[in-house]
Amino acid sequence: MPHFPTDILIAGRWRRGAGEPVDTVDPATGRVLATVSCASADEVDEAAEAAAQAMADPAWRDLFPHERARLLHRIAELTERAAGELSALQTADTGKTLTETRALALSAAGTFRYMAAALETAEDTVTPSRGAYLTMSVHEPIGVVGAINPWNSPVASDAQKIAPALAAGNAVLLKPAAWTPLVSLALGRLITQALDEAGLPTALLSVLPGSGRVVGDAIVRHPLVARVGFTGGTGTGRSIAALAAKKLIPASLELGGKSPTIVRADADVEQALAGVLFGIFSSSGQSCIAGSRLFVAREIYDSFIGELVERVRTLRVGPGTEPGTQVGPLVHHRHRDAVAAYVDLARSEGARVLCGGSAPEGERHRDGAYYLPTVLDGLPNTSRTCQEEIFGPVLVALPYEDEDDLVRQANDSVYGLACGIWTRDARAAWRLARRIEAGTVWINTYKQFSVSTPFTGWKDSGLGTEKGRDAIRSYQRQKSLYWGTSGTPLPWAN
């Protein structure tokens, strides 16, 4: 059984927060794991002030990029060593399978390692001069950064914001989701250990659990916070964008999705079936890029959906700690009830429930936040069920007639986060990938990620970019330098 942290990290020190404490619950059993203290608005102010002072400390301010890279490598090493503990904490807190949470912990380590390498090889530019001067473009830290993350994949999301922010020379105020603070607090301990070992100010990172209305709002509004990175719902993202615009600070927003998965008539059916299942039911559907709208060519629709439903019924639903589990519980009983309400909405809209559509019965699942993998059809793409993000193990299937009909329906969404295409025709894959309005398109695969490849959302799915070499630059400000080289006086010299 892992140790459950309950103190929070404020300005480099561990202590009880002054905010309203929150119970974190094992979604597989409904049992309270720990009561975690939360930060108050005053403690956010304290953390921001300390972060600004830490940034001004010469030990950090004057650190060369390759020395910051060394710090990131050390964080990666510590994270990798602690992958088992981080995995157990995240499974306890979120209900995800241990296989998935271990992969997320190792992904976090890989993110720190990649950003270290990108930092080592980052270059500023000597630009072509247009006169008797040398011109340069350089990059400097933005300042104190606010990082606000959701509950579905906390450790990986944390690394995707903290790593480039520290690489760029900033300080970070991290707010984990109130439901799942444990793994973020554990990661914070590893990062402060690395900072302390290097003789650097530990106040460069604070981990501040609490509600979005108190802690998140205080972070975004704080005058010392000069950039915000947010992953979560589109409604909250709009509010953060408005506050950032009022402050004239940059914000990156990774928001919701209702991603289409496309199965053409020429697809490898076995490959497509496995990909569709994984795309929606892994993580119990609690993923912004889940392939939640399935478009199948009319001529193979009945046979494909029939086989898919048979396979969905065989998926193993259980605790994330059991090796054979494929679909774990949802993160919280309240969220399970919200997913169930969406399926009830689908029924009222005229959907056919082909499988699932309820919580599993029996003693084994009685106390957990479980919901059966569900497949719906019989709805038009204009229905609320097809348009709104459910964020659970619910797939809605729709037939399409031809490519123009497919593209029209797939793009008929306020979201534009991801898309999957299953086909043997390379030309058709290329054509569809370019026509679909989404930031990421997978062809004959799904939910594959590389930290070296930028990730972005279109339309209501987000603003800005995470991952890739340029992630570090997004946490910096560009400055132009002009260095006069002529001995000739300027016109007004006398």
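Here are some questions and answers about a predicted model, covering a sheet, a few charged residues and one proline. Residues are numbered from 1 along each chain as its sequence is written, and side-chain values use heavy atoms, with hydrogens and water left out. Because the model is predicted, local features need pLDDT of at least 70 and side-chain atom pairs count only at pLDDT 80 or more, while totals for chains, interfaces and linings use all residues.

Q: Which strands are the edge strands of the open sheet of seven strands?
A: The order of the sheet is β14-β15-β16-β13-β12-β18-β19, with mixed pairing. Helices (H or I, at least four residues) and strands (E, at least two) are DSSP runs numbered from the N terminus, and two strands pair if DSSP finds at least two bridges between them. Each edge strand pairs on one side only, and these strands are β14 (352-355) and β19 (440-443).

Q: In which sense do β15 and β16 pair, parallel or antiparallel?
A: In general, strands of a sheet pair through backbone hydrogen bonds, either parallel or antiparallel. Here β15 covers residues 374-377 and β16 covers residues 394-400.

Q: At about what angle does helix α10 run to β16?
A: Helix α10 (residues 269-281) lies across β12 (260-263), β13 (293-297), β15, β16 and β18 (418-422). Axes are lines fitted to C-alpha atoms, for helices over the stretch in contact, and angles run from 0 to 180 degrees between N-to-C directions. Contact means heavy atoms within 4.5 Å. Relative to β16, the helix α10 runs at about 135°.

Q: Which side chain of opposite charge is nearest to Arg-293, and how far away is it?
A: Arg-293 sits in strand β13 and is buried, where buried means under 20% relative accessible area, exposed over 50% and partly exposed in between (1.4 Å probe, protein chains only). Lys and Arg count as positive and Asp and Glu as negative, with His and the chain ends not counted. A salt bridge is a side-chain nitrogen of Lys or Arg within 4 Å of a carboxyl oxygen of Asp or Glu. Arg-293 has no salt bridge, and its nearest side chain of opposite charge is Asp-412, 6.6 Å away.

Q: Which side chain makes a polar contact with the side chain of Arg-293?
A: A polar contact is a pair of N or O atoms within 3.5 Å; within protein, one must be able to donate a hydrogen and the other to accept it, and residues adjacent in sequence count only if both atoms are side-chain atoms. The backbone oxygen of Ala-410 lies 2.9 Å from a polar atom of the Arg-293 side chain. The side-chain partner, at 3.1 Å, is Asn-381.

Q: With which side chain does the side chain of Arg-435 make a polar contact?
A: Arg-435 belongs to helix α15 (residues 426-435) and is partly exposed, with a relative accessible area of 34%. Leaving aside neighbours within four places in sequence, its contacts include Asp-404, Val-407 and Asn-411. The polar contact, at 3.1 Å, is with Glu-403.

Q: How many residues apart in sequence are the parts that Glu-466 and Lys-161 tie together?
A: Glu-466 and Lys-161 form a salt bridge, their closest N and O atoms being 3.0 Å apart. Both residues are buried. Glu-466 lies in strand β23 (residues 465-466) and Lys-161 in helix α6 (residues 154-167), so the parts tied together are apart in sequence by 305 residues.

Q: What is the relative accessibility of Pro-399?
A: Pro-399 is found in strand β16. Leaving aside neighbours within four places in sequence, Pro-399 is in contact with Val-296, Arg-298, Tyr-301 and Gln-409. Pro-399 counts as partly exposed, and its relative accessibility is 23%.
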